[in-house]
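Subject: The structure you asked about

Hi,

Here is the structure for you to open alongside this email. My notes on it follow below.

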Amino acid sequence: MLVDCRINDNSATEGGGIYCSFSSSPTLLRCQILDNDAQTGGGMYCYSDSSPVLTACNVSDNTAIEWQSGEGAGLYCMRSSPALTNCIVAGNQAGFAGGGGMSCVMASSPTLINCSLSTNSSVAEGGGLRCSGSSSPTLMNCILWGDEPDEVFAPGLLPSVNYSDIKGGYPGIGNISADPLFRNPARSDFHLTGGSPCIDTGSSEGVPATDFEGDPRPWGHGYDMGADEYTEVSISGAAPLMRPAVHKLGAVCPNPFNPSAMIALELSQPARIRLAIYDFAGAQVRTLEEGVRESGSHGVRWDGKNDVGGVVASGAYVIRLEVDGVSQTRVALLLK
Ligand SMILES: [Ca+2]
Ligand SMILES: [Ca+2]
């Protein structure tokens, strides 16, 4: 059992942060799985009847993009059915095999209750959740919003989705499609704000007694959707799932792009940075910025050209920001 642990900046072929195989089912409470990288299962890989229990965990900004087959950037499940409650899965990025937030293959049927999946992305389908091979997750009181290119990709069995806010809507009871009004998703703050359609519109069935930060559920007139139960003033006084202020490589806009894209950077203090573009074989294409930059928000434009001024071919490119020896990556897709 792992309690209040932070697992960050690890790398592996499978399961960058955590790898569970053959009926390994640890319990994780209030853990943060951040900035890990793998070919498959950037944050966590669950293999062969491994069904960990994650409660109030934050699985964010993990990647599975630097290999062609990158899949399941946040969590990857193969014949495994983890249970996630009050969890945030955000900012994870997968490559060509899809599943930015979570990928379920070969009869994996995880249960997600009061989870928020947002700002995950994938080069292929399933920006938020990808299901294949008779996998059938169960989602209750969840929010999937702002994942790219889509929230849920399930060409076979449909996941069981109820009382959830899914962008674009989803079959099931009590589902809605409306902006959840997160407080500040760009800064990894997935609290609900007043007027959110997710307040008091969830189900009471199987719901935990508290939210991700320890606020009581229900609060107000009913149970909320997502990891946060909205309260007018902070009750728990804690925000355990919020990331500390850090330098951040933000969104690429538009994405896919043609002919140019704006890359957002957020620096919490003045820093020496290097921002460069690579192709998927790992070869450098272009150095965009190198040197000391002031704190604050910056936008850097890439005009789709390489270091010698040639226009690059259509395809996916890796944008890498290096600050103080730590790198962050995002994928940009040039479509001509
Ligand atoms: Ca409520
Ligand atoms: Ca709360």
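Which domains does the domain assignment of the protein give? There are two entries, domain 1 (2-192) and domain 2 (248-334), with bounds that come from an automatic or database domain assignment. Before going further, please note that this is a predicted model, where local features need pLDDT of at least 70, side-chain atom pairs count only at pLDDT 80 or more, and totals for chains, interfaces and linings use all residues. Residues are numbered from 1 along each chain as its sequence is written, while chains are lettered from A and ligands numbered from 1 in the order in which they are written.

The C-alpha centres of domain 1 and domain 2 are 25 Å apart. Their contact takes 7 residues from domain 1 and 8 residues from domain 2 (contact: C-beta atoms, placed from the backbone, within 7 Å).

Next, the sheet. Seen in order, β2-β6-β10-β14-β18-β22-β25 make an open sheet of 7 strands with parallel pairing (strands are DSSP runs of E, at least two residues, numbered from the N terminus; two of them pair if DSSP finds at least two bridges between them). At the edges are β2 (6-8) and β25 (165-166), each pairing on one side only. Strands β6 (residues 32-34) and β10 (residues 58-60) share 3 bridges, and Ile33 has Val59 in β10 as its bridge partner.

Finally, have a look at Asp224, in the loop between β27 (189-192) and β28 (248-253). Asp224 is buried because 27 other C-beta atoms lie within 10 Å (the cut-off for buried is 20 or more, with C-beta atoms placed from the backbone). Among the residues that Asp224 touches are Leu192, Cys198 and Tyr230.

Best wishes

Definitions and conventions:
Helices (H or I, at least four residues) and strands (E, at least two) are DSSP runs, numbered from the N terminus. Two residues are in contact if their C-beta atoms, placed from the backbone, lie within 7 Å. A residue is buried if 20 or more other C-beta atoms lie within 10 Å of its own, exposed if 12 or fewer, and partly exposed in between; C-beta atoms are placed from the backbone. Lists of a residue's contacts leave out its neighbours within four places in sequence.
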